[in-house]
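Please walk through the model below, from its overall fold to single residues.

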Amino acid sequence: MRTAPPLLTERLLLRSLTLEDAPDIQRLAGEYDVAVTLSNMPYPYEDGMAEEWIRSCSEKFEENKALNFAITLRTDRNFIGAIEIRLDPEMENGELGFWVGKPHWGCGYCTEAAKVIVAYGFEVLKLDRICAYHFQNNLASGRVLQKTGMHYEGRIQKFVQKQNQCEDLIGYGMLKADYDSLDPISSNKQSVPI
């Protein structure tokens with residue numbers, strides 16, 4: 001079975017998901033405050049769902065449809081969340097998605113992980129465009145996307161049903177040319193570790 005390459009940032013190690021991550025995924029993603037921010041996150045997060053999701057991530061990787069990474073702390077390798085880039089090779093596009101457990105909110109981990117995945121998408125996967133969406137009321141995700149250098153692209157009204165409500169999605173995107181023009185110092189542009 002193929003695995004995604006490990007990626008390092010200053011504080012994080014992004015690596016392939018394993019079935020050993022399932023208890024942490026169920027515990028962290030199973031929190032209501034995490035689940036309500038994500039369109040595809042079930043709540044309650046029941047036994048077996050994490051293992052099923054990890055297997056589906058592996059299948060998507062084998063089919064070149066997505067790369068999913070566990071977000072872990074470099075210091076102790078503790079699992080704190082996950083990040084994905086869904087791929088459309090024909091269009092050379094990627095769609096970013098991420099979450100971290102509530103105990104790790106506000107620490108900048110999503111931004112750090114997102115920057116290295118964006119760099120990987122443009123520099124290694126040779127994508128031409130990367131986009132991402134968040135719920136209108138999830139302002140923290142919007143700030144993460146802005147910090148990666150993505151630009152606001154618009155609102156899709158009442159697009160996702162979540163917790164018996166129709167939610168608006170806010171879209172952000174970046175072209176390879178936009179990424180190339182980022183100033184590495186002022187933008188804190190993340191390079192892909194080799």
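Where is the place of Pro 44? Pro 44 sits in the loop between helix H2 (32-35) and helix H3 (49-62); here helices (H or I, at least four residues) and strands (E, at least two) are DSSP runs, numbered from the N terminus. The peptide bond that leads from Tyr 43 into Pro 44 is cis, with omega near 0 degrees. Most residues other than glycine have a negative phi, and most peptide bonds are trans.

This is a predicted model, in which local features need pLDDT of at least 70 and side-chain atom pairs count only at pLDDT 80 or more, while totals for chains, interfaces and linings use all residues. Residues are numbered from 1 along each chain as its sequence is written, and side-chain values use heavy atoms, with hydrogens and water left out.

The protein has six helices and eight strands, in the sequence order β-β-α-α-α-β-β-β-α-β-α-β-β-α. Its C-alpha trace spans about 45 × 40 × 35 Å along the principal axes. The radius of gyration is 16 Å, which agrees with the value near 16 Å for a compact globule of 194 residues; it is taken over C-alpha atoms, and the globule rule is 2.2 Å times the number of residues to the power 0.38. Of the 194 residues, 46% are buried, where buried means under 20% relative accessible area, exposed over 50% and partly exposed in between (1.4 Å probe, protein chains only). Among contacts (heavy atoms within 4.5 Å) between residues at least 6 apart in sequence, 62% join residues at least 24 apart.

Strand E8 (residues 165-175) is mostly covered, with eight of its eleven residues buried. Strand E6 (residues 129-135) runs antiparallel to E8 and is joined to it by seven bridges; two strands pair if DSSP finds at least two bridges between them. In one of these pairings, Ile 130 has Met 174 in E8 as its bridge partner.

A search of the whole structure finds four aromatic pairs. Rings of Phe, Tyr and Trp (its six-membered ring) pair if their centres lie within 6.5 Å; planes under 30 degrees apart count as stacked, over 60 as edge-to-face and the rest as tilted. Tyr 152 and Tyr 172 form an edge-to-face pair, because their ring centres are 6.0 Å apart and their planes stand at 80 degrees. This pair links distant parts of the chain, since Tyr 152 belongs to strand E7 (residues 151-162) and Tyr 172 to strand E8, 20 residues apart. Tyr 172 has a relative accessible area of 6% and is therefore buried.

Ile 71, in strand E3 (residues 66-73), is buried at 0% relative accessibility. Leaving aside neighbours within four places in sequence, its contacts include Leu 12, Phe 79, Trp 99 and Ala 113. Ser 16, found in strand E2 (residues 12-16), is buried at 14% relative accessibility. The side chain of Ser 16 reaches the backbone nitrogen of Ala 4 at 2.7 Å.

Arg 77, in the loop between E3 and strand E4 (79-88), has a positive phi of about 65 degrees although it is not a glycine. Arg 77 is partly exposed, with a relative accessible area of 47%. Lys 126 lies in the loop between helix H4 (109-123) and E6, and its phi is near 60 degrees, again positive in a residue other than glycine. At 57% relative accessibility, Lys 126 counts as exposed.

Notes
A polar contact is a pair of N or O atoms within 3.5 Å; within protein, one must be able to donate a hydrogen and the other to accept it, and residues adjacent in sequence count only if both atoms are side-chain atoms.
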